[in-house]
Amino acid sequence: MKNIFIIVLIFIFFVGCFEKNENDTIKIGVVLGLSGKYSDLGLNEKNGIILAFDKINYQINGKKIELILKDDKQDKEVNKQVINELIEDNVKYIIANATSSMSKISSEIISKHKDIFQISPTASSSYFSKKDDNFFRVQTANSIEHFSNLIKLLEDSKAKNIYLIGDVNNKAYLYDYLHLFDDKDMKYKELIDSNLAYEEILEKVKDADFIVQVQNGIDAAGLIQYLRINNNTTPIISSGWAKNEEFIENVGKWAEGVYFTSSNYINYENKDYQDFAKDFYTIYKYQSNRSNIQGFQAANIIIEALQNGHKKVDDIKKYIIEKETFNIAGDEISFDKYGDIKTPYYIFRVKNSKFIKIK
(Lines give C-alpha, C1' and ligand atoms only; values in the text may rest on other atoms or scores of the structure.)
Protein backbone atom coordinates (compact mmCIF):
# COMPACT_ATOMS: atom_id res chain seq x y z
CA MET A 1 0.00 0.00 0.00
CA LYS A 2 2.88 2.31 0.84
CA ASN A 3 4.43 1.72 -2.58
CA ILE A 4 1.11 2.35 -4.33
CA PHE A 5 0.71 5.59 -2.36
CA ILE A 6 4.18 6.78 -3.44
CA ILE A 7 3.45 5.93 -7.08
CA VAL A 8 0.19 7.90 -6.95
CA LEU A 9 2.01 10.92 -5.47
CA ILE A 10 4.66 10.76 -8.19
CA PHE A 11 1.97 10.51 -10.84
CA ILE A 12 0.12 13.55 -9.43
CA PHE A 13 3.40 15.47 -9.31
CA PHE A 14 4.22 14.81 -12.96
CA VAL A 15 0.68 15.50 -14.14
CA GLY A 16 0.73 18.77 -12.21
CA CYS A 17 4.02 19.76 -13.81
CA PHE A 18 2.70 18.88 -17.26
CA GLU A 19 -0.48 20.89 -16.77
CA LYS A 20 1.49 23.81 -15.43
CA ASN A 21 3.77 23.77 -18.45
CA GLU A 22 0.78 23.54 -20.76
CA ASN A 23 -0.91 26.48 -19.07
CA ASP A 24 2.28 28.53 -19.17
CA THR A 25 2.59 28.17 -22.94
CA ILE A 26 0.69 30.05 -25.64
CA LYS A 27 0.72 28.19 -28.95
CA ILE A 28 0.56 30.28 -32.12
CA GLY A 29 0.41 28.59 -35.50
CA VAL A 30 1.87 30.09 -38.68
CA VAL A 31 0.82 28.59 -42.02
CA LEU A 32 2.43 30.02 -45.17
CA GLY A 33 3.74 28.85 -48.51
CA LEU A 34 7.38 28.30 -47.55
CA SER A 35 8.33 26.15 -50.54
CA GLY A 36 7.27 25.80 -54.13
CA LYS A 37 5.33 28.40 -56.11
CA TYR A 38 4.75 31.75 -54.36
CA SER A 39 7.25 30.84 -51.62
CA ASP A 40 8.88 34.28 -51.98
CA LEU A 41 5.73 35.81 -50.47
CA GLY A 42 5.45 33.28 -47.64
CA LEU A 43 9.14 33.41 -46.72
CA ASN A 44 9.10 37.20 -46.55
CA GLU A 45 6.04 37.19 -44.33
CA LYS A 46 7.62 34.54 -42.10
CA ASN A 47 10.64 36.78 -41.52
CA GLY A 48 8.40 39.66 -40.44
CA ILE A 49 6.42 37.37 -38.12
CA ILE A 50 9.54 35.96 -36.49
CA LEU A 51 10.94 39.47 -35.93
CA ALA A 52 7.75 40.42 -34.05
CA PHE A 53 8.15 37.50 -31.64
CA ASP A 54 11.92 38.02 -31.36
CA LYS A 55 11.23 41.54 -30.08
CA ILE A 56 9.14 40.21 -27.16
CA ASN A 57 11.55 37.33 -26.53
CA TYR A 58 8.76 34.82 -27.17
CA GLN A 59 6.97 35.77 -23.94
CA ILE A 60 3.64 37.44 -23.17
CA ASN A 61 2.73 38.30 -19.57
CA GLY A 62 5.17 35.72 -18.24
CA LYS A 63 3.96 32.97 -20.56
CA LYS A 64 6.16 31.33 -23.16
CA ILE A 65 5.19 31.61 -26.83
CA GLU A 66 5.50 28.43 -28.86
CA LEU A 67 5.56 29.39 -32.53
CA ILE A 68 4.54 26.45 -34.74
CA LEU A 69 5.53 26.95 -38.39
CA LYS A 70 3.78 24.98 -41.13
CA ASP A 71 4.32 24.96 -44.91
CA ASP A 72 1.10 24.86 -46.97
CA LYS A 73 3.18 24.40 -50.18
CA GLN A 74 0.36 26.28 -51.95
CA ASP A 75 -1.36 22.90 -52.12
CA LYS A 76 -5.00 22.45 -51.13
CA GLU A 77 -4.63 19.05 -49.50
CA VAL A 78 -1.39 19.93 -47.71
CA ASN A 79 -3.00 23.08 -46.37
CA LYS A 80 -5.99 21.14 -45.03
CA GLN A 81 -3.63 18.71 -43.35
CA VAL A 82 -1.49 21.29 -41.58
CA ILE A 83 -4.49 23.35 -40.42
CA ASN A 84 -6.07 20.22 -38.95
CA GLU A 85 -2.75 19.36 -37.27
CA LEU A 86 -2.78 22.74 -35.52
CA ILE A 87 -6.39 22.26 -34.43
CA GLU A 88 -5.58 18.82 -33.04
CA ASP A 89 -2.64 20.39 -31.21
CA ASN A 90 -5.09 22.76 -29.49
CA VAL A 91 -3.70 25.90 -31.20
CA LYS A 92 -6.14 28.81 -30.78
CA TYR A 93 -4.31 31.56 -32.71
CA ILE A 94 -3.29 31.03 -36.32
CA ILE A 95 -1.54 33.38 -38.73
CA ALA A 96 -2.58 32.02 -42.15
CA ASN A 97 -2.09 32.23 -45.15
CA ALA A 98 -0.06 34.24 -47.69
CA THR A 99 -2.48 33.80 -50.62
CA SER A 100 -6.23 34.23 -50.79
CA SER A 101 -6.81 30.74 -52.20
CA MET A 102 -5.07 29.06 -49.26
CA SER A 103 -6.64 31.47 -46.74
CA LYS A 104 -10.06 30.49 -48.06
CA ILE A 105 -9.37 26.80 -47.45
CA SER A 106 -8.08 27.50 -43.94
CA SER A 107 -10.99 29.76 -43.00
CA GLU A 108 -13.52 27.16 -44.14
CA ILE A 109 -12.01 24.67 -41.68
CA ILE A 110 -11.36 27.14 -38.87
CA SER A 111 -14.88 28.62 -39.11
CA LYS A 112 -16.21 25.34 -37.70
CA HIS A 113 -14.22 26.00 -34.51
CA LYS A 114 -15.56 29.08 -32.75
CA ASP A 115 -12.60 29.25 -30.35
CA ILE A 116 -9.87 29.77 -32.99
CA PHE A 117 -8.74 33.17 -34.31
CA GLN A 118 -7.18 33.48 -37.79
CA ILE A 119 -5.37 36.49 -39.25
CA SER A 120 -3.77 36.69 -42.68
CA PRO A 121 -0.95 39.07 -43.62
CA THR A 122 -1.85 39.37 -47.32
CA ALA A 123 -5.16 37.70 -48.29
CA SER A 124 -7.10 40.33 -50.23
CA SER A 125 -9.99 38.53 -51.92
CA SER A 126 -13.44 40.07 -51.46
CA TYR A 127 -14.60 36.54 -50.53
CA PHE A 128 -13.67 37.38 -46.92
CA SER A 129 -15.26 40.84 -46.86
CA LYS A 130 -18.20 41.89 -44.69
CA LYS A 131 -18.39 38.62 -42.79
CA ASP A 132 -18.84 38.44 -39.03
CA ASP A 133 -16.39 35.60 -38.52
CA ASN A 134 -13.07 34.80 -36.85
CA PHE A 135 -10.99 35.80 -39.88
CA PHE A 136 -9.12 39.13 -39.91
CA ARG A 137 -6.41 40.43 -42.24
CA VAL A 138 -3.98 43.33 -42.56
CA GLN A 139 -4.26 43.56 -46.36
CA THR A 140 -6.90 45.77 -47.95
CA ALA A 141 -9.61 43.79 -49.70
CA ASN A 142 -10.10 43.94 -53.44
CA SER A 143 -13.35 45.69 -54.25
CA ILE A 144 -14.98 47.88 -56.88
CA GLU A 145 -14.58 50.85 -54.52
CA HIS A 146 -10.87 50.16 -54.06
CA PHE A 147 -10.40 49.58 -57.79
CA SER A 148 -11.79 53.01 -58.75
CA ASN A 149 -8.33 54.35 -59.66
CA LEU A 150 -7.66 51.29 -61.83
CA ILE A 151 -10.97 51.68 -63.65
CA LYS A 152 -10.32 55.40 -64.21
CA LEU A 153 -6.88 54.66 -65.64
CA LEU A 154 -8.42 52.25 -68.16
CA GLU A 155 -11.23 54.68 -68.98
CA ASP A 156 -8.78 57.54 -69.52
CA SER A 157 -6.71 55.37 -71.85
CA LYS A 158 -9.84 54.80 -73.99
CA ALA A 159 -8.80 51.16 -74.31
CA LYS A 160 -11.14 48.98 -76.36
CA ASN A 161 -9.28 45.67 -76.33
CA ILE A 162 -8.45 44.90 -72.69
CA TYR A 163 -6.98 41.50 -71.87
CA LEU A 164 -6.78 39.95 -68.42
CA ILE A 165 -3.80 37.65 -67.84
CA GLY A 166 -4.38 35.78 -64.59
CA ASP A 167 -2.96 32.97 -62.50
CA VAL A 168 -5.87 30.53 -62.18
CA ASN A 169 -4.05 28.71 -59.35
CA ASN A 170 -5.06 31.60 -57.06
CA LYS A 171 -8.73 31.75 -58.04
CA ALA A 172 -9.93 33.54 -54.92
CA TYR A 173 -7.62 36.47 -55.67
CA LEU A 174 -8.29 36.45 -59.41
CA TYR A 175 -12.07 36.45 -58.86
CA ASP A 176 -12.24 40.17 -58.06
CA TYR A 177 -10.42 41.13 -61.24
CA LEU A 178 -12.76 38.93 -63.28
CA HIS A 179 -15.68 40.98 -61.97
CA LEU A 180 -13.97 44.35 -62.25
CA PHE A 181 -16.37 45.62 -64.93
CA ASP A 182 -19.61 44.03 -63.76
CA ASP A 183 -21.35 47.41 -63.53
CA LYS A 184 -19.46 49.03 -66.43
CA ASP A 185 -19.83 49.10 -70.20
CA MET A 186 -16.15 48.19 -70.41
CA LYS A 187 -15.34 44.47 -70.71
CA TYR A 188 -12.35 42.19 -70.98
CA LYS A 189 -11.87 40.79 -74.45
CA GLU A 190 -10.46 37.58 -72.97
CA LEU A 191 -9.13 35.97 -69.80
CA ILE A 192 -5.76 34.38 -70.58
CA ASP A 193 -4.36 31.70 -68.29
CA SER A 194 -0.91 32.95 -67.25
CA ASN A 195 0.31 29.35 -67.15
CA LEU A 196 0.16 29.12 -70.94
CA ALA A 197 3.40 29.21 -72.92
CA TYR A 198 4.74 32.73 -73.44
CA GLU A 199 4.48 32.30 -77.21
CA GLU A 200 0.73 31.63 -76.94
CA ILE A 201 0.18 34.63 -74.68
CA LEU A 202 2.15 36.89 -77.04
CA GLU A 203 -0.07 35.82 -79.94
CA LYS A 204 -3.31 36.27 -77.95
CA VAL A 205 -2.52 39.88 -76.90
CA LYS A 206 -1.23 41.11 -80.25
CA ASP A 207 -4.22 43.49 -80.68
CA ALA A 208 -4.44 44.53 -76.99
CA ASP A 209 -4.80 48.21 -76.05
CA PHE A 210 -4.22 47.45 -72.35
CA ILE A 211 -3.25 44.38 -70.31
CA VAL A 212 -4.37 43.75 -66.73
CA GLN A 213 -1.99 41.25 -65.16
CA VAL A 214 -2.68 39.16 -62.03
CA GLN A 215 0.43 37.15 -61.15
CA ASN A 216 3.08 37.01 -58.44
CA GLY A 217 6.16 39.23 -58.80
CA ILE A 218 8.55 36.72 -60.36
CA ASP A 219 6.01 35.38 -62.87
CA ALA A 220 4.82 38.88 -63.77
CA ALA A 221 8.42 39.95 -64.38
CA GLY A 222 9.17 36.99 -66.62
CA LEU A 223 6.11 37.53 -68.82
CA ILE A 224 6.61 41.30 -69.15
CA GLN A 225 10.25 40.80 -70.05
CA TYR A 226 9.25 38.33 -72.78
CA LEU A 227 6.54 40.60 -74.19
CA ARG A 228 8.85 43.61 -74.32
CA ILE A 229 11.76 41.72 -75.88
CA ASN A 230 9.31 40.57 -78.56
CA ASN A 231 8.28 44.17 -79.31
CA ASN A 232 4.93 44.17 -77.51
CA THR A 233 4.67 47.66 -76.00
CA THR A 234 1.07 47.39 -74.77
CA PRO A 235 0.51 49.30 -71.49
CA ILE A 236 0.32 46.90 -68.54
CA ILE A 237 -1.14 47.33 -65.09
CA SER A 238 -0.22 44.59 -62.66
CA SER A 239 -1.82 43.66 -59.34
CA GLY A 240 -0.51 44.41 -55.87
CA TRP A 241 0.50 40.75 -55.65
CA ALA A 242 3.45 41.52 -57.94
CA LYS A 243 4.45 44.85 -56.41
CA ASN A 244 7.65 43.79 -54.69
CA GLU A 245 11.41 43.82 -55.04
CA GLU A 246 11.41 40.37 -56.66
CA PHE A 247 9.57 41.95 -59.60
CA ILE A 248 12.15 44.73 -59.97
CA GLU A 249 15.07 42.32 -59.59
CA ASN A 250 13.76 39.90 -62.21
CA VAL A 251 12.33 42.17 -64.91
CA GLY A 252 15.31 44.47 -65.46
CA LYS A 253 14.92 47.56 -67.64
CA TRP A 254 11.55 46.35 -68.95
CA ALA A 255 9.90 47.36 -65.67
CA GLU A 256 9.94 50.98 -66.77
CA GLY A 257 6.42 52.38 -67.19
CA VAL A 258 4.53 49.36 -65.83
CA TYR A 259 1.54 50.37 -63.67
CA PHE A 260 0.47 48.70 -60.42
CA THR A 261 -2.70 48.92 -58.35
CA SER A 262 -2.08 48.34 -54.67
CA SER A 263 -2.70 49.56 -51.14
CA ASN A 264 0.90 48.68 -50.31
CA TYR A 265 2.52 52.06 -49.77
CA ILE A 266 5.61 52.40 -47.59
CA ASN A 267 6.22 55.76 -45.91
CA TYR A 268 10.01 55.68 -45.86
CA GLU A 269 10.18 58.95 -43.89
CA ASN A 270 8.17 57.59 -40.96
CA LYS A 271 10.26 56.98 -37.83
CA ASP A 272 8.36 53.80 -36.88
CA TYR A 273 9.08 52.38 -40.32
CA GLN A 274 12.74 53.38 -40.06
CA ASP A 275 13.02 51.67 -36.67
CA PHE A 276 11.41 48.54 -38.06
CA ALA A 277 13.63 48.58 -41.16
CA LYS A 278 16.77 48.98 -39.02
CA ASP A 279 15.82 46.07 -36.74
CA PHE A 280 14.91 43.93 -39.73
CA TYR A 281 18.17 44.61 -41.55
CA THR A 282 20.18 43.86 -38.41
CA ILE A 283 18.79 40.32 -38.36
CA TYR A 284 18.18 39.46 -42.01
CA LYS A 285 20.81 41.60 -43.81
CA TYR A 286 18.46 42.77 -46.58
CA GLN A 287 16.17 45.76 -46.95
CA SER A 288 12.65 45.04 -45.69
CA ASN A 289 9.78 44.85 -48.16
CA ARG A 290 6.01 45.12 -47.91
CA SER A 291 5.51 41.39 -47.23
CA ASN A 292 7.95 41.57 -44.31
CA ILE A 293 5.98 44.50 -42.91
CA GLN A 294 2.61 42.77 -43.20
CA GLY A 295 3.89 39.62 -41.53
CA PHE A 296 5.22 41.81 -38.71
CA GLN A 297 1.88 43.64 -38.46
CA ALA A 298 -0.26 40.49 -38.34
CA ALA A 299 1.89 39.06 -35.56
CA ASN A 300 1.87 42.31 -33.59
CA ILE A 301 -1.91 42.57 -33.62
CA ILE A 302 -2.22 39.14 -32.00
CA ILE A 303 0.60 39.99 -29.57
CA GLU A 304 -1.04 43.24 -28.49
CA ALA A 305 -4.44 41.62 -27.96
CA LEU A 306 -2.88 38.86 -25.83
CA GLN A 307 -0.74 41.36 -23.89
CA ASN A 308 -3.94 43.16 -22.93
CA GLY A 309 -5.38 39.96 -21.49
CA HIS A 310 -7.66 38.98 -24.36
CA LYS A 311 -7.38 35.22 -24.78
CA LYS A 312 -10.77 34.22 -26.17
CA VAL A 313 -11.68 34.81 -29.80
CA ASP A 314 -14.64 37.10 -29.06
CA ASP A 315 -12.48 39.20 -26.74
CA ILE A 316 -9.70 39.48 -29.33
CA LYS A 317 -12.18 40.51 -32.02
CA LYS A 318 -13.80 43.07 -29.74
CA TYR A 319 -10.43 44.51 -28.74
CA ILE A 320 -9.29 44.95 -32.35
CA ILE A 321 -12.58 46.39 -33.58
CA GLU A 322 -12.97 48.79 -30.66
CA LYS A 323 -9.38 50.01 -30.83
CA GLU A 324 -9.89 50.24 -34.59
CA THR A 325 -6.54 51.85 -35.48
CA PHE A 326 -3.09 50.36 -34.97
CA ASN A 327 0.19 52.10 -35.80
CA ILE A 328 2.73 49.44 -36.72
CA ALA A 329 5.95 49.83 -38.74
CA GLY A 330 4.92 53.18 -40.17
CA ASP A 331 1.38 52.18 -41.15
CA GLU A 332 -1.91 53.36 -39.73
CA ILE A 333 -4.05 50.23 -39.97
CA SER A 334 -7.78 50.79 -39.42
CA PHE A 335 -10.22 47.90 -39.08
CA ASP A 336 -13.95 47.97 -39.71
CA LYS A 337 -16.47 45.89 -37.75
CA TYR A 338 -15.80 42.85 -39.95
CA GLY A 339 -12.03 42.84 -39.47
CA ASP A 340 -11.41 44.32 -42.92
CA ILE A 341 -8.91 47.10 -43.61
CA LYS A 342 -10.07 50.56 -44.70
CA THR A 343 -6.87 51.62 -46.54
CA PRO A 344 -7.52 52.73 -50.16
CA TYR A 345 -5.83 51.39 -53.29
CA TYR A 346 -3.34 53.58 -55.18
CA ILE A 347 -1.89 53.56 -58.68
CA PHE A 348 1.89 53.23 -58.90
CA ARG A 349 4.18 53.40 -61.91
CA VAL A 350 7.72 52.11 -62.19
CA LYS A 351 10.30 54.83 -62.83
CA ASN A 352 14.04 54.20 -62.58
CA SER A 353 13.31 50.81 -60.92
CA LYS A 354 11.18 52.45 -58.19
CA PHE A 355 7.45 52.21 -57.51
CA ILE A 356 6.20 55.82 -57.69
CA LYS A 357 2.70 56.58 -56.39
CA ILE A 358 0.93 58.68 -59.04
CA LYS A 359 -2.71 58.72 -57.81
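This is a predicted model: local features need pLDDT of at least 70, side-chain atom pairs count only at pLDDT 80 or more; totals for chains, interfaces and linings use all residues.
I'll start with the whole chain. There are 359 residues, and buried residues make up 51% of them. Along the principal axes, the C-alpha trace spans about 90 × 40 × 35 Å. A compact globule with 359 residues would have a radius of gyration near 21 Å, and the protein has 23 Å, so the two agree. As for contacts with a sequence separation of 6 or more, 68% of them join residues 24 or more positions apart.

Next, the secondary structure. The protein has twelve helices and 15 strands. Six strands form an open sheet, in the order 2-3-1-4-5-6, with mixed pairing. At the edges are strand 2, residues 59-60, and strand 6, residues 135-137, each of which pairs on one side only.

In general, the strands of a sheet pair through backbone hydrogen bonds, either parallel or antiparallel. Which sense do strand 4 and strand 5 take? Strand 4, residues 93-96, and strand 5, residues 117-120, pair in the parallel sense over three bridges. Within this pair, Ile94 has Gln118 of strand 5 as its bridge partner.

Now the helices that lie on this part of the sheet. Helix 4 lies across strands 4, 5 and 6, running at about 170 degrees to strand 5. Helix 12, residues 313-323, also lies across strands 4, 5 and 6, but its angle to strand 5 is about 40 degrees.

Helix 4 has a helix partner too. Two packed helices are described by the angle between their axes and the distance between the axes. For helix 4, residues 100-110, and helix 6, residues 171-178, the angle is about 115 degrees and the axes are 6 Å apart. Ser100, Ser101 and Lys104 of helix 4 meet Lys171, Ala172 and Tyr173 of helix 6. By class, that contact has two nonpolar, two polar and two charged residues.

Is Lys80 buried, exposed or partly exposed? Its relative accessible area is 29%, between the 20% and 50% cut-offs, so Lys80 counts as partly exposed. Leaving out residues up to four places away in sequence, Lys80 touches Ile105 and Ile109. Lys80 and Glu108 are 28 residues apart in sequence, and their C-alpha atoms are 9.7 Å apart in space.

Conventions
Residues are numbered from 1 along each chain as its sequence is written. Side-chain values use heavy atoms; hydrogens and water are left out. Axes are lines fitted to C-alpha atoms, for helices over the stretch in contact, and angles run from 0 to 180 degrees between N-to-C directions. Helices (H or I, at least four residues) and strands (E, at least two) are DSSP runs, numbered from the N terminus. Contact means heavy atoms within 4.5 Å. Ala, Val, Leu, Ile, Met, Phe, Trp, Tyr, Cys and Pro count as nonpolar, Asp, Glu, Lys and Arg as charged, and the others, Gly among them, as polar. The radius of gyration is taken over C-alpha atoms; the globule rule is 2.2 Å times the number of residues to the power 0.38. Buried means under 20% relative accessible area, exposed over 50%, partly exposed in between (1.4 Å probe, protein chains only). Two strands pair if DSSP finds at least two bridges between them.
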